[in-house]
Amino acid sequence: MSPIKDYPQRYALTGELHARPFPSLKAPSVAVFLAIKQPTDAASRDRAADLAHLIELLDHYGAPRPDPDATHYYGEMGKHWLKWEQHTEQVTFTVFRKGLSERAFAPEEFDVFPDYWLQNAPGGRISSALIRLLPKPKDERKIAGCLSDWFVPESLAVASVLEGAAVVASDFRIDSAGHLRMAVFTDAGTGARRTGRIVQRLTEIEMYKSASMLGFSMAREMSAQMNALDAKLTDLMARMRGTTAMPEDTLHGLLDVSVELETLAAETAFRFGATGAYQAIVHQRISALREDRFMGRQGFAEFMMRRYEPAMRTVQSTETRLKTMSQRAIRASELLRTRVDVERSAQNQEILASMDKRADLQLRLQKTVEGLSVVAISYYGVSLASYLLYPISQMLDVSKGELTAAVTLPVVACVWLMVRRLRKHLG
């Protein structure tokens, strides 16, 4: 029996589930994270440029190159390990290096990315972070001392994750070197792969948080335009209640507002949709950490609820407001079109009534003309009949006047019957 034929993409699709392994990390070590995004139309960018930029970095360290169609890469790069991923809108580089510098979160740690290579990036930095991995001390007060030295207390989010496997902390602020700071204190019994998953979750939280904030920036920028359109729409709807404004002018104004709103909706649809998706991923990644409160501090979920969620609600309310305004403009246009149709129907009825009146007048005039026509035709008919019968009048010894009087009534009756019959035939 011949073997069953596989679907062409079966192995490729199955392999995709296992193609992005988590890194293996042990404390003490440092993870240097960088996310790059093109400023406009990043979703449809030239992805070959992303791969070329990766190859340039690998060539700098003499590391093996990826496959020509690679969308992710994980391998040794000199004394370090590199994890590269190509996402819908951004590209991320995470370099893992063993050991710690004497100074915590030293800017020199970012030197794993050469300056010339950073300048050649196909886009701008949307986020970068230094992640410091240390063994968790038995005395929690030592952790508190480190957190106090490294982070801004009022913004600090810290939590024990994965049933005590590690303590993670960050204030999500950009330091003087331009990077976010994150700290991971791993328990002695935490394996290298579990530590790698924790670090991966932290980088994803930061990346998707930064990407989703682009929606908030767009919502804030379009606020003034939406306020102006809202005021214009309200004014047009108020004019609909009056009788002085021309309905056609108001309808054209409503159509202009509708076009502007639909244009805004089209321009913001992708960004607002992406913001909702990124927000869901942020919450999912935080939930995957299974955090517990540490030393009474706020955790990552609580930090996001206080600082991040208001921005996301602004995006959602802006999107809802835009949809509501579009629906208002459409409903107002439909109502005004109905009003214009009713007014035009009334005008048409008036026109028909006036046409009926003119037709009645024309009928009366026609009857009058017909009466005059009977008289005129009868006159000429009597004259012709008289001329024809004059010779006979001498034979009958009848005067011309008597003959004319005798033929007048029959001629008039004949003309009247003829005109009446002709009108019935034409009618």
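Tutor: Let's start with E163, which is exposed, because its relative accessible area is 55% and the cut-off for that class is over 50%. Bear in mind that this is a predicted model. E163 sits in the loop that runs between β6 (157–161) and β7 (166–174). Its backbone deserves a look too: phi is positive, about 55°, although E163 is not a glycine.

You will find R290 in the loop between α7 (247–289) and β9 (292–293). Its relative accessibility is 40%, so R290 counts as partly exposed.

For another backbone feature, turn to P28. The peptide bond between A27 and P28 is cis, with omega at about 5°. P28 belongs to the loop between α1 (10–16) and β1 (29–37).

Now for some loop residues on the buried side. H87 lies between β3 (80–86) and β4 (90–98), in the loop that links them. With a relative accessibility of 14%, H87 counts as buried, because buried means under 20%. Once neighbours within four places in sequence are set aside, the contacts of H87 are R45, R47, T92, M207 and Y208. One of these partners, T92, also makes a polar contact with H87 through their side chains, at 3.4 Å.

P114 is another loop residue, placed between β4 and α3 (115–119). P114 counts as buried because its relative accessibility is 9%. Leaving out residues up to four places away in sequence, P114 touches L57 and H60.

For a helical example, pick V407 in α9, the helix covering residues 400–426. V407 has a relative accessible area of 11% and is therefore buried. From V407 to G381 there are 26 residues along the chain, while the C-alpha atoms of the pair are separated by 9.3 Å.

Let's step back to the whole chain. The protein chain has 9 helices and 9 strands. Its radius of gyration is 46 Å, well over the 22 Å that the globule rule gives for 427 residues, so the chain is more spread out than a compact globule. The C-alpha trace spans about 160 × 65 × 50 Å along its principal axes.

How much of the chain counts as buried? Of the 427 residues, 40% do, H87 being one of the buried residues. What share of the contacts with a separation of 6 or more comes from residues 24 or more positions apart? That share is 72%.

The accessible surface of the protein chain is about 24700 Å², and carbon and sulfur atoms account for 57% of it. As for charge, there are 54 positive and 50 negative side chains, with the centres of the two sets 4 Å apart.

To return to where we began, E163 is an exposed residue with a positive phi, in the loop between β6 and β7.

Terms used
Residues are numbered from 1 along each chain as its sequence is written. This is a predicted model: local features need pLDDT of at least 70, side-chain atom pairs count only at pLDDT 80 or more; totals for chains, interfaces and linings use all residues. Side-chain values use heavy atoms; hydrogens and water are left out. Helices (H or I, at least four residues) and strands (E, at least two) are DSSP runs, numbered from the N terminus. Buried means under 20% relative accessible area, exposed over 50%, partly exposed in between (1.4 Å probe, protein chains only). A polar contact is a pair of N or O atoms within 3.5 Å; within protein, one must be able to donate a hydrogen and the other to accept it, and residues adjacent in sequence count only if both atoms are side-chain atoms. Contact means heavy atoms within 4.5 Å. The radius of gyration is taken over C-alpha atoms; the globule rule is 2.2 Å times the number of residues to the power 0.38. Accessible areas come from the Shrake-Rupley method with a 1.4 Å probe; for residues, only the protein chains shown count as cover. Lys and Arg count as positive and Asp and Glu as negative; His and the chain ends are not counted. The place of a charge is taken as NZ of Lys, CZ of Arg, CG of Asp or CD of Glu.
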